[in-house]
Amino acid sequence: MSLKDTSSRPVIWAVSAYRLTDIFRSIAPEFSAQADIHIINKGFADAVEEIQARLRHERCDVIVAAGSNGAYLRQHLALPLVLLKVGGFDLLAALTRARQVSDRIAIVTHKTAAPELSQFIQLFDLRIQERAYETADQARDCIRALAAQGIDVVVGPGLVANLADELGLHGVFLYAPDSARQAFSDAVEIARIKHVEASRHAQLDAVLQHLSDGVVAIDMQQQVLSVNPAMLRLAGSPDTPMAQWLGKPLREVLPAVRAGSVLTRGWPDLGSVEQVGQRTLVINRVPVFEQGVQTGAVLTVIDSGDVEQVTSRLRLHQQITTRHARYHLQQVAAASPRMKQLITLCETYARRSDATVLISGESGTGKELIAQGIHNASRRAAEPFLAINCGAFTESLLESELFGYEDGAFTGARRGGKAGLFESAHLGTIFLDEIGEMPLVLQTRLLRVLQEKEVMRVGGRESIPVDVRVIAATHRDLLALVGAQQFRQDLFYRLNILQVVIPPLRQRPEDLALLAVTLFDAAFKRAGLQDEARDIIKAVLPLFMSHSWPGNVRELENAAERLAIGCIALHGIPSPDDLQRLLPELHGPRLVVWEPRPPIAAALVATELKAVTRQTEKAHLQTVLSECAGNQAEAAQRLGISRATLWRKLRA
C-alpha cells in the first residue's frame, strides 16, 4: 500500500519546547511526501499530557524528541520514540560558534557525553569543560556551577542553552538541521516497518480466527497470549469473549488441556489424543522461540470427528485418479485374436461415438486400462479423465463427490461449495468403476444425469449442464442384479449402450505369454536383474501357462514382482523347490517337477518362447475343441476365430 494513502502514511509527532522546535518546523516540509509530521511545542509532563489527550482521537506512529525531554517521554509513553543524535559535525559547528564568543567553554549533555567529544577535546588539547545531567533541575544546578567557575559559553540541547541564557551566560544550541533530518528519516522507516508488522499481524490474526482447529498460544508461565473462536467452541464456551481468556492461566480457562513437557523440554509433542468431557481431542504442542530463546508454545486442538471426516475424504481423494488418462489402447497386450478384435472394437467406440460404454470383466482384467485407452483414442483426449470407485464410499460421501454441493449444504461443507466430478470432467470422460455397487438412491440421480445431460449439486436449486462421456465398469452380472432388484433396469439400459467384455486371462493364453514377458521384464528391471530376466521367464513360463489365473493380470503382475524379489534374496535363478515356495498357488496340491536346462544365449530366448507359446496355444485349442465335443464350428466361434484358422493352428 502506498505511503500516500492516508490510512498507511506514517504519522510522526516532533516534540520540543525549546530551540529544537524551530528546526523541526523548518525540516518538516521536506518530508511532506513521506509522512504527516505534527509539531508539539511542549516538554516533559506538559507534552505527555498533550500527547495522551490527542491519542484518544488521533493516531501517532513515532515520536521524535531530544535530550532529557525525549528520555522523559520514553519513560511515560508506550510509543516508539526516536532521539536526535549528536554527530561530529554538530559538535564541531557548535564549538566553532562558541569559540567566536569566548574561549571559556563548557559542553553540557544529557546523561553522558559522547565518546567522540572526549577524544576530540584531548586530541586538540582544548580547555573545554564537560558536564552531564538527567533532570531539568540538575541541568540548572550544573550551569550555575559553571558560571561560578568563570565559564562564559555553554553548549548543549535546547533546555541547556535556554538555562544558560537565563543565568547570564551565552547558550549555544547543540543540534543542527541534519540531525533532525536523520531523526525524521529514522522515524519514517520505523513507522513503515510498524505498518508492515501490523499488516502481518492482522493477516495472521484473520487466519487464526477462521481456522477450524482450536489454537491457543501461551507464554512460559502458561498464561494465554492468544486464542481463536474454534478453541472457545471446543472448550464449550463459544459465547465467551476472547478477551476474558487473555492473560489468564491455561489451567484456569482450559483445565483439561495441559501444556505438558513442551515448556520444560522445548520439544514438539504432536498427535497426543486426550479425552476432554465428551470430546476426544487430538492435541499438537509446538514450542515458540525468539532469537534462540523459548518464549512460549502454541497448542492446536482438533476434534477427532473432524479428523475422521478428513481421513474419509483423503481415502476418497486417493480413489480419484489424475485428471489425465495415462494408458492407450496400443499398450494393451493383444496377441490373441479375441483381444485384437476387442481393441479394434474399442477404437471404433472411441472415434465414432460418444455413447456410454459398459465394460464387463473379472477383477484384474484391466477394465480401467481399457477405459483410459478409449478416452485417449477419442476426441476428448485433451480433456479431463476422472475415475472413482463407486463401491468404496458411503452413500453421502459418494453423492457429494459425484454431484458436488452448495455452501452450507451439510455440516463440514466447504465454504463456497464444491464442484462434483461430473462438473470437473466437463468435456472429458468420467469412469465409474464398480458401478454395480452404487446405492439405489444414487442410481436414480445418475440416471437423470445421463438422460438430461445436467447435474444438480447437493443442496442446490439450479441444474448445471455438463458434456461428459460416461464409461462404467463392473465385475458383477448387472442383469442378475436387476432381477434381484439391486440395480435399476432403466439405468442398466442407459449404461449398456456400447458393450466391452474383457475375457479372463485363462481364455487367452497367447496374451498370457506376452504379458508374462512384459511384466517380468519390468519387475526384474526394477529389481536390477534385467540380465537374468529371460532365463527365468523361459524356466517358469510353462508353469504359468498351466495356471488358471483367477486374479487375472493383477495376479500375474504380483507373481512377477514376488519372483523378482525372491531372486534377489536367493542371489540367482530359483530352483524348483524355491519356485514352489515363492509361487505356491501355481503348483496346486502336487509339486511340479522342473528340470533346469543349461543356460542358452540371449538371442535364442525369443525363438524358444515362441515355440512354447505355439505349444500352449495348441493345447488350449484342443481343450476347447474337446469341450465342444469335436464341433469345430462351435469351437471356432467360442475362440473368436474362423474354422480355417482353427484347422490351420491344429495342424501346425
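What volume does the largest cavity have?

Author: This is a predicted model, in which local features need pLDDT of at least 70 and side-chain atom pairs count only at pLDDT 80 or more, while totals for chains, interfaces and linings use all residues. Residues are numbered from 1 along each chain as its sequence is written, and side-chain values use heavy atoms, with hydrogens and water left out.

The largest cavity has a volume of about 110 Å³, where a cavity is a set of points, on a 1 Å grid over the protein atoms alone, at which a 1.4 Å probe fits but cannot get out, and a volume is the space filled by probe spheres set on those points, which are joined across faces, edges and corners. Its lining (residues with an atom within 4 Å of a point) has 15 residues, of which Tyr 18, Ala 66, Asn 69, Pro 157 and Gly 158 are the closest to the centre. Two or more lining residues come from each of α3 (67-76) and α7 (158-166), helices being DSSP runs of H or I with at least four residues, and strands runs of E with at least two, numbered from the N terminus; α3 gives the most, with 3 residues. By class, this lining has 10 nonpolar, 5 polar and no charged residues, with Ala, Val, Leu, Ile, Met, Phe, Trp, Tyr, Cys and Pro counted as nonpolar, Asp, Glu, Lys and Arg as charged, and the others, Gly among them, as polar.

Definitions and conventions. 1 Å grid on protein atoms, 1.4 Å probe; cavity = no way out; pocket = protein on both sides within 12 Å on 5 of 7 lines; lining within 4 Å.
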